[in-house]
Amino acid sequence: MRWNRFWILGLGTLFTCTFFIKAKNNPVSRKQENPIRTIVIDAGHGGEDPGAKGSYSTEKQVTLAVALKLGKILEDNLPDVKVVYTRKVDRFDDPRRKAQIANDAKGDLFVSIHCNSTGKIRKVTGYKTVYRKKGKRKIATQQPVYGYFASNAKGTETYIWATSKNSAKMESLKQNSVIVLDANSEETKQLMDDTDPETFILLNTLRNAYFDQSLRLSTLIEDEFTKVGRISRGARQRNEKGIWVLSATAMPSVLVELGFISNPEEEDYLNSTNGQQELAMGIFKAIKRYRDELERFTNSRNSSLGEETASRPQAYHKAGKSGKKPAAPRPDDEYCVQLMISDKLYTPGASIFRKLHGNIAREQIVMNKKKMHKYTWRHIKSDQQATTAVRKARKLGFKDAFVTSC
């Protein structure tokens, strides 16, 4: 039931985006019944960049082998899906180039494949006798002897971009608006007006939907890995170096860490044909589940909202060249501003929210198996008010604030 609500919200926002664009006479050509048409697979590192190193193999070798196996499985089992590779040989491409390949391909999903690594562990292996002078005498002391051993860290992780990178993700959507919206350049330039509140809300809504979908896919991938006995270290947000490509791709995106190449046991698994096939199959099964869920809820959402949207297109119309004002929102049209997600518990009347002068709601959620609190500024009646509310919230210290549906 929890995931049903999750998908309904995410897909509802995507449907709103689609309808918003159609109302501007910019028809979207993507078929709603087939939401995943192009999948971009990125084999991490390559060429002069070997990535992490094991005792006898490198990350670039493992990621390419698994990426090619995953692509073959997708092509064999989902013939209606186009598979695009950022590389199929031992070649280095800058992350910006990889993002460009994905965006130019009009990808509906971006999967980047990597291997994890940790440093060696220092342990005491014995002691040696050392003599030191104390006056005219020599005193014997025991000094530890250290040895360095491979880490025993193991398991898989799947990452999505952190919410602190939301602005970068929205910028990639804006820069690739022709691709994302399937609109021609001139019309898109008019649509993507930075000063227009409707543009701001459209991009925020689309980005939020992509975030939700990326989070869902990352969870499904880790679930499939655990089914075959892999240790899952969880689906997580990530904000450090090496994750930039996720926020630069204008589509749902995840980065999969297959295991620790620095662990001899894991390195053997990662280099074995059976291990690589098992990992590729796990990612495929997760993508298949993700696509089936997305397809099912998209079709359900379309059928349930078809009559309603047909009867009130004016709610999202924008003023045209005639200078007419846009139709006023219906009474049930409402926006919210997500202020932050924190492990700290605040009451709605806490001093941190006092200067907002709004209706603040708190919702308990679970992230990375940890209880967190989501704080939302609710009951905002128009897109202009929502835009103003976001700007005010950010000035007051809520740097990750964004507009979302209520």
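Visitor: Which strand is His114 found in?
Guide: In this predicted model, His114 sits in strand β3, which spans residues 109–116.

Visitor: Why is His114 called buried?
Guide: The relative accessible area of His114 is 11%, and buried means under 20%, so His114 is buried.

Visitor: What makes the pairing of His114 with Ser112 a polar contact?
Guide: The two side chains come to 3.1 Å, and the cut-off for such a pair of N or O atoms is within 3.5 Å. Beyond four places in sequence, His114 also touches residues including Asp42, His45, Glu59, Thr63 and Leu258.

Visitor: Glu59 and Thr63 belong to α2, I see. How do you know what span to expect for helix α2?
Guide: Helix α2 covers residues 59–77 and has 19 residues. The expected span takes 1.5 Å times one less than that number, giving 27 Å, and the helix reaches 27 Å from its first C-alpha to its last. Among the buried residues of α2 are Ala67, Leu70, Gly71 and Leu74.

Visitor: Which residues touch the most other members of the largest nonpolar core?
Guide: They are Ile41, Leu74, Ile113, Leu258 and Ile283, out of 61 residues in that core. Ile41 is in contact with Leu74 and Ile113, and also with Ala67, Leu70 and Gly71, among others. Another core, of 19 residues, lies apart and includes Leu339 and Trp377.

Visitor: How confident is the predictor, and where does pLDDT stay under 50?
Guide: The chain averages a pLDDT of 78, and 74% of the residues score at least 70. Residues 18–32 stay under 50, and residues 178–185 are below 50 too.

Methods:
Residues numbered from 1 in each chain as written. Predicted model: local features only at pLDDT ≥ 70, side-chain atom pairs only at ≥ 80, totals over all residues. Heavy atoms only, no water. Helix = DSSP H or I, 4+ residues; strand = E, 2+ residues; numbered from the N terminus. Buried < 20%, exposed > 50% of the residue type's maximum accessible area, 1.4 Å probe, protein only. pLDDT = per-residue confidence, 0-100. Contact = heavy atoms within 4.5 Å. Core = buried A, V, L, I, M, F, W, Y, C linked by side-chain atoms within 4.5 Å. Polar contact = N/O pair within 3.5 Å; in protein donor to acceptor, adjacent residues only side chain to side chain.
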